[in-house]
Amino acid sequence: MIVTKLFNKFFHSQTSGGIFLIFCTAFSLFLANSPFAESYDAIWQMDMFGHSFAHWINDGLMAVFFFLIGLELKREIFVGELSDTKKAILPVFAAIGGMVMPAFIFYLTNKGTDTIHGFGIPMATDIAFAVAIITMLGKRVPMSLKVFLTALAVIDDLGAIIVIALFYPNPEMPLDFTQFGIAMAILFGLFALNKMKVKSMIPYIIGGIAVWWFMLHSGIHATIAGVLVAFTIPFDKNDSKSLSAKMEHALHIPVAFVILPLFALANTAITIDAGGFSHFSVPLATGIFLGLVVGKPVGITLFTWIAVKLGLCVLPTAVNFKRVFGVGILGGIGFTMSIFVSMLAFKDPSYVKEAKLMILVASLTAAIVGFVLLKILLTTKQDYSD
């Protein structure tokens with residue numbers, strides 16, 4: 001199959017970024033459980049202009065990450081796998097299954113408890129980690145399978161963004177319609193600039209910061225502003241030098257090697273005490289683990305099977321349901337988005353800590369099982385008619 005240069009650049013940037021993210025996570029966990037733990041935690045709690053360093057990372061820098069996601073979504077819609085309705089149906093169905101099933105499992109295990117609000121935690125897939133793991137399998141992985149995983153994860157990101165916008169408002173303040181209205185007015189102005197074919201980066205940057213600021217004070221999580229602003233940036237599907245393409249290219253490196261690593265370092269500094277793993281029997285931990293490790297592959301495979309059997313789409317070349325299941329297990333690597341949602345879902349620090357710890361355990365389990373299963377499947381002759 002023909003794969004665009006942009007996809008190859010995107011895929012390889014996610015690969016190297018994912019590997020670096022793994023290193024940062026391991027380093028953070030090591031320091032958090034070392035004699036330097038107190039000093040390490042103090043770094044992230046350091047006051048900067050009235051907020052902690054970690055707060056600026058989570059509410060400020062992560063808006064840039066979401067902006068990049070918005071640019072990637074826009075590209076996929078116009079020139080990527082989502083630009084062809086017939087091709088888009090398969091990853092869309094798979095992504096929906098990969099969100100609905102984990103949320104349902106979490107609901108069943110947490111029904112009637114005060115942790116039910118965390119249903120969005122196992123719905124997410126960390127594209128950087130997932131791509132990094134599948135790349136470790138080498139050239140034996142067909143490009144069609146890589147594209148399927150990438151498209152699935154991109155749509156999954158969109159689903160996570162919608163869930164955050166609808167169910168996880170800013171926990172520190174009630175909804176302020178005046179601030180939200182101002183943010184929307186500025187956003188409308190940026191769309192107008194797009195229609196007027198204004199291609200200078202400066203007004204979009206200034207306007208984007210303003211949208212972020214007013215969204216931050218509206219009660220809706222400010223990172224959503226990043227995605228909305230991304231869709232105002234001029235895009236030309238016939239021009240790789242369009243403003244949208246330039247911004248996406250410029251942001252890949254700083255996001256992959258600065259923003260996400262800082263997020264990982266700040267939010268995985270989890271102290272694992274002697275009784276830490278005893279909490280895994282509670283509904284929250286069970287819902288997260290089963291949602292990511294079981295719900296993701298089952299949901300992705302089931303909804304893919306339904307879409308194919310209904311005749312809505314066909315499986316790509318060199319892809320069968322066994323390999324879809326293998327990719328679905330990698331979809332259970334929640335990490336970045338799952339951790340982000342856990343911090344929005346709970347005010348109780350003990351719940352946040354427990355959720356983060358189980359996200360790491362579940363993501364590691366999904367990575368190992370997915371890697372081993374795909375390695376077996378990709379070294380065995382497959383019947384692609386199944």
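**Buried sites, salt bridges and surface patches**

Q: Is T301 buried or exposed?
A: T301 has 15% relative accessibility. Buried means under 20% relative accessible area, exposed over 50%, and partly exposed in between (1.4 Å probe, protein chains only). T301 therefore counts as buried.

Q: What pLDDT do side-chain atom pairs need in this predicted model?
A: Residues are numbered from 1 along each chain as its sequence is written, and side-chain values use heavy atoms, leaving out hydrogens and water. The model is predicted: totals for chains, interfaces and linings use all residues, local features need pLDDT of at least 70, and side-chain atom pairs count only at pLDDT 80 or more.

Q: Which residues does T301 touch, not counting those up to four places away in sequence?
A: T301 sits in helix 11. Helices are DSSP runs (H or I, at least four residues), numbered from the N terminus. A contact means heavy atoms within 4.5 Å. Past those sequence neighbours, T301 touches F321, V324 and F325.

Q: Which residues make the nonpolar surface patch?
A: Patch residues have over 30% relative accessible area and no salt bridge; nonpolar side chains (Val, Leu, Ile, Met, Phe, Trp, Tyr) are joined within 5 Å, and like charges within 9 Å. Areas come from the Shrake-Rupley method with a 1.4 Å probe; for residues, only the protein chains shown count as cover. This patch covers about 450 Å². Its members are L290, V294, V298, L302, W305 and F325.

Q: Which helix gives the largest share of the nonpolar patch?
A: V294, one of the patch residues, is placed in helix 11. With a relative accessible area of 37%, V294 is partly exposed. Five residues, the largest share of the patch, come from helix 11.

Q: Where is K197 found?
A: K197 has 66% relative accessibility, so it counts as exposed. Its place is the loop between helix 7 (177-195) and helix 8 (201-216).

Q: How many salt bridges are counted?
A: Side chains of opposite charge can pair when their charged atoms come close. The rule asks for a side-chain nitrogen of Lys or Arg within 4 Å of a carboxyl oxygen of Asp or Glu. By that rule, the salt bridges come to three.

Q: How far apart are the closest N and O atoms of E76 and R75?
A: E76 is buried at 4% relative accessibility. R75 is buried too, with a relative accessible area of 3%. The two form a salt bridge, and their closest N and O atoms are apart by 3.0 Å.

Q: How many residues apart in sequence are the parts tied together by R75 and E248?
A: R75 also forms a salt bridge with E248, with the closest N and O atoms 2.8 Å apart. R75 lies in helix 3 (residues 53-78) and E248 in helix 10 (residues 243-267), so the pair ties together parts whose separation in sequence is 173 residues.

Q: Which parts of the chain do K296 and D156 link?
A: The side chains of K296 and D156 meet in a salt bridge of 2.5 Å, N to O. They are 140 residues apart. K296 is buried, and so is D156. The linked parts are helix 11 (residues 283-309) and helix 6 (residues 143-167).

Q: Which residues is N110 in contact with, leaving aside neighbours within four places in sequence?
A: N110 lies in helix 4 (residues 85-110). At 0% relative accessibility, N110 is buried. Its contacts are T115, I116, P283, L284 and G287.

Q: How far apart in space are G219 and Q179, C-alpha to C-alpha?
A: G219 is in the loop between helix 8 and helix 9 (223-230). G219 is buried, with a relative accessible area of 1%. G219 and Q179 are 40 residues apart in sequence, and their C-alpha distance is 8.6 Å.

Q: What is the phi of A318?
A: A318 lies in the loop between helix 11 and helix 12 (321-330). A318 is buried, with a relative accessible area of 18%. A318 is not a glycine, although its phi is positive, about 70 degrees.

Definitions and conventions: Helices (H or I, at least four residues) and strands (E, at least two) are DSSP runs, numbered from the N terminus.
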